[in-house]
Structure formats: structure tokens, C-alpha cells
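Keep the structure open beside you as you read.

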Amino acid sequence: MKIIHISAECYPVAKVGGLADVVGALPKYLNNSGEQAQVLMPFYNNKFTQNNKFKTLFTSEVFLGKTSYNVNILVLENTILDFDVFFIDIPDLLFKDYVYSFDDTERFLAFQIASLDWLLTWDTYPDIIHCHDHHTGLIPFMLQESFKYEAFRKTPNILTIHNAQYQGWFSHDKVDLIPPFNFNNVGLLDWGGQINPLAAGIKCAWRVTTVSPTYMEELKQNANGLEPLLSAESNKCIGILNGIDTEVWNPETDNYLVENYTIKTVNKGAKANKKYLCETFNLDISKPLIAFIGRLVHQKGTDLFPEIFKKALTNNNLNILLLGSGDTLVEQNLYELKTEFNGNYNAYIGYDEKLSHIIYAGADFLLMPSRVEPCGLNQMYSLRYGTIPIVTKIGGLKDTVTDIKEPNGFGICHNSTTIPEINEAINRAIELYTNQTKYKKLRTQIMKIDHSWHASAKQYIKLYNTIN
Ligand SMILES: Nc1ncnc2c1ncn2[C@@H]1O[C@H](COP(=O)(O)OP(=O)(O)O[C@H]2O[C@H](CO)[C@@H](O)[C@H](O)[C@H]2O)[C@@H](O)[C@H]1O
């Protein structure tokens, strides 16, 4: 089967969060299973595009209403990725040094239209068009409704929801930017009086997936306004747990690490990475190190961190290290704590791929007190690197972490994102750390858990086969 993934992010080309990791790994594992998976994404102005050479496959123009923009379809000159990536280059709209910003409506609309315009020129159409999140949510609508894409009416498409909090809303005033369609069906674009690309995608896609079975269930109760829609469409919806790319995320070969290690050498190897972190961030190596990596947004519970960290650090029996960026106020509060708890707390406000790998390896615990977590990849990376996750029992976190109190449990879970519960979970982590025999045993147990993409890729293939 020929599957084309259309996405705003793909690791290692452009990454803001977990979407990139998924689109950068799933195609590879689909290809390994004998399918032919490719990626179509925007051409941004970033390190990856600056450091590589590209050639033009096709040149054209795209119309947003009556305004036309130049479009080039680019590919890499050298094969450096495990699958084909086609880039939609719209110099006036997409070629920016950011992925998301204030002008997303026009940029991603043009991206979606240019993607379909180009696919129309193919001799043989893909067997599956696989869209990801609201940036590509209008594609299922256009495939079904826009006159110019009539030829695609029988081409199956799928929409994967990585995060239903973001829906890409814009005003009906901009409806003319969408290629003409039978206006009687304009309701398909609408949710709550606005054009809602995610809702339109859910209504029109042949199948809708999300990234864990529990999140699929939760969406019927909590989907930022789309609950009734997801309940109504539940027959075509399925939750498939994300995997992780075990070639990129492998403590034995990871080039970012200070010292590589296996299950047998984890105590020594993880310690060398912890030593590096403690030296770099002025932390106390004799105490447990609890880390957080991620976007500093409401979803992740990070607005509660200043109070939680103050409480935890007052006892002076642990270190906390944070890597993240996001809400300005949260960034500022977390930065300011550095002076008060110098020696046991530090925060790197920003994005750093290399540092994130060292933290997964060197921390003793990874904190993920999310309010909403569709799947969550961080906890799976931390398991693979022998770092015990502390998580809220929701979404994909519930599907991947079992509390140590339960049979065969290996993580620390709390029921909800509240300050007392998270502090209590941190206390349980410190207590566990004092029992080094148990802690070390758990460390080797979690490294054996298999979250590679193999099983999940098989589930996607099964799903593709039901509609192809
Ligand atoms: N400051 C920083 N520096 C370096 N690396 C950083 C970083 N901030 C985040 N990262 C990295 O970004 C990725 C985050 O992945 P997640 O799946 O946890 O979250 P995200 O909410 O972005 O993804 C959404 O999509 C994914 C994929 O489906 C779902 O798993 C998830 O639940 C959903 O919210 C990880 O690779 C992490 O290491």
C-alpha cells in the first residue's frame, strides 16, 4: 500500500513536540512492514533546511481565494532519512523560522491545498491519505467536497488526533479561501459558529484515530467542545497507542549521551549522565533527581510547578531539573525559583534535543503530571532509559504506566493534577529511592518493556486494510 502522511511536523526535519516524533517514526516502521509510506510537509526556514540540499520536483502556484502564491515541491538531494519526505515550499507563506504562529490559518490552508493539488498530478494516487491534527483537518473535507478534488472521492483518508485541545478555528469570513464546494454542505466545516478544521476532519475522514485507547474514551467526555461530535462519530474512531523509535531512543547507541549503557550497565551509565547534569546545573548528586521535559502549557500541569517545587524543595532531600518552554509567566516563575533553591533546583528555559536525551538517561525520575495526555512519549522514553515515571493516571499515561503498588507495577501514579497529589507522588518517589535495591530492580524491569512501533504499526496497517 502507498500511504502518504501529511503533517506540519516530522522529526528530524521540524519538531515542536510529540507529533514530530510520531510522523518521524511511523512511516519508517510501516516501510519495514512492507508498505510504502511517505511524508508530505511544509518547507520551513530552520537548521535542517539550512544544512541540507534540496532539488525541485515540480513548480506550480496555489490559490488562497483569488491570491496566488508560488509553490515548489522539493525533495532532499541525498537519502538521509528512512523514508521519502516531500516538501511543500511556499516561500511567501511557509518559509518561516517558526512552525506555528499567529498566521497559521493562511499558512496551513495553503499547505493543505498545495498538497492536494500536487497529489492530483500523480499518475497513480496514494492508497491512503493519512492526515495529522487540525493543520491537515480540512483535507478530508476538501477530498469529499471540493469540486477540484472530485478525482479523490474514492481515495481513503484517515485523520489522527494527537491533541484535541487545538482545533485551528477561524472565522466563516475566510470560507472563500477554501477551494469551491457545494455550499449546501458548509455545515460540515462548522462547529459552534466557526470554521473548525479538526471538527471538519472528524466529520469527513473515513476513519479517525487517536494516540491511545484511553484518550479515545476520554474524548467523549473532554474534547474542548467536540465531545458530542466524537461520541456521534465513535463508530469510525479507534485509539492506537503510539510507539517510540527504538533506534533513535536507545541508551546503548544514543550519540547525545555522556555515556552509553545497557540493562546490565544501567547503574554506572545512568550515573555518568546524572553526574554531567549535576555538574552542569549545580545539583547535588547524592540526592534523587526528578526531571521534567516538555511544553510549559496548561495541559501539562506546569502552572502548578512553582508551588509544588517550593514545597518539595523545602525538605532539602531532592533535586529538580526542568527543561521546557511555553507560557511566559510560567517560564518566568520557574526561572526565578533558581535563586531560592540554588544547588537543588535548576531550569533550562528553551528547547534542547541533546539535553533532553541526557535528562532521560541521567534523571532518577521523570515527572509528568499532565491534566490531559493523549499518549505521551516522554514516559516511554524514560522507561527505555531506566528512569522511573511519575504520572497522572489519564490518557496514554494510564495505558503505559502501572503504579508500584499494583502487581508488576513500576511507576508512580496519582489520580489527578492537584498540588497535594503531585507532592505526595514526589514523596513516594523519594521514599522509593531510599530503597536502592528495589529502585535498581525496577530500573532494569522498565528497560525491558517493549514500546517500539512494531505492534502499533501493525494496527495501523490493519486499519488501512479495512478501508482500502
Ligand atoms: N524543551 C524541550 N527540549 C527538548 N525536547 C523537548 C522539549 N519539550 C518537549 N520536548 C520533546 O517533545 C516530545 C514531547 O512529546 P509528548 O508526546 O510528550 O508531547 P506533546 O504534547 O508535544 O504531543 C502531543 O502528540 C503526541 C504524539 O501523538 C502525544 O504523545 C501527546 O500526548 C500529545 O500531547 C518529546 O520528544 C520531548 O522530549
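Helices and strands here are DSSP runs numbered from the N terminus, with helices being H or I runs of at least four residues and strands being E runs of at least two. Bear in mind that this is a predicted model, where local features need pLDDT of at least 70, side-chain atom pairs count only at pLDDT 80 or more, and totals for chains, interfaces and linings use all residues. Residues are numbered from 1 along each chain as its sequence is written. The mean pLDDT of the chain (pLDDT being the predictor's confidence in each residue, from 0 to 100) is 97, and 100% of the residues reach 70 or more. The model's scores are ipTM 0.98 and pTM 0.95.

So, what surrounds the ligand? Count a residue as near a molecule if its C-beta atom, placed from the backbone, lies within 6 Å of it. The shell then has 26 residues, with Gly17, Gly18, His162, Cys375 and Leu377 the closest. At least two shell residues come from each of helix H1 (18–23), strand S12 (289–296), strand S13 (319–326) and helix H12 (353–362). H1 gives the largest share, four residues. By class, the shell has nine nonpolar, 12 polar and five charged residues. In that sorting, Ala, Val, Leu, Ile, Met, Phe, Trp, Tyr, Cys and Pro are nonpolar, Asp, Glu, Lys and Arg are charged, and the others, Gly among them, are polar.

Now zoom out to the domains, with bounds that come from an automatic or database domain assignment. The chain splits into domain 1 (2–245 + 453–467) and domain 2 (266–447), and each of them gives the ligand shell at least three residues. Their C-alpha centres are 32 Å apart. Where they touch, 16 residues of domain 1 and 14 residues of domain 2 take part, a contact being two C-beta atoms, placed from the backbone, within 7 Å. On the domain 1 side, H1 and helix H7 (213–219) each give two or more residues, and H7 has the largest share with four. That side is made up of five nonpolar, nine polar and two charged residues.

You'll find lysine 15 in the loop between S1 and H1. Lysine 15 has 19 C-beta neighbours inside 10 Å, so it counts as partly exposed. Leaving out residues up to four places away in sequence, lysine 15 touches Glu9 and Ala20. Proline 12 sits in the loop between S1 and H1 as well, and a cis peptide bond with omega of about 5° joins tyrosine 11 to proline 12.

The buried residues of H5 include Phe141 and Met142. They pack against strand S1 (2–6), helix H4 (104–120), strand S6 (128–132), strand S7 (157–161) and helix H6 (197–204). In helix H4 you'll also find isoleucine 113, which is buried because it has 26 C-beta neighbours inside 10 Å. Beyond four places in sequence, isoleucine 113 is in contact with Val62 and Pro179.

Most residues other than glycine have a negative phi. Aspartate 133, in the loop between S6 and H5, has a positive phi of about 65°, and this residue is buried, with 24 other C-beta atoms within 10 Å. Asparagine 408 has a positive phi too, about 60°, but is exposed, with 7 other C-beta atoms within 10 Å. Look for asparagine 408 in the loop between helix H14 (395–400) and strand S17 (412–414).

Note on methods:
Buried ≥ 20, exposed ≤ 12 C-beta atoms within 10 Å, placed from the backbone.
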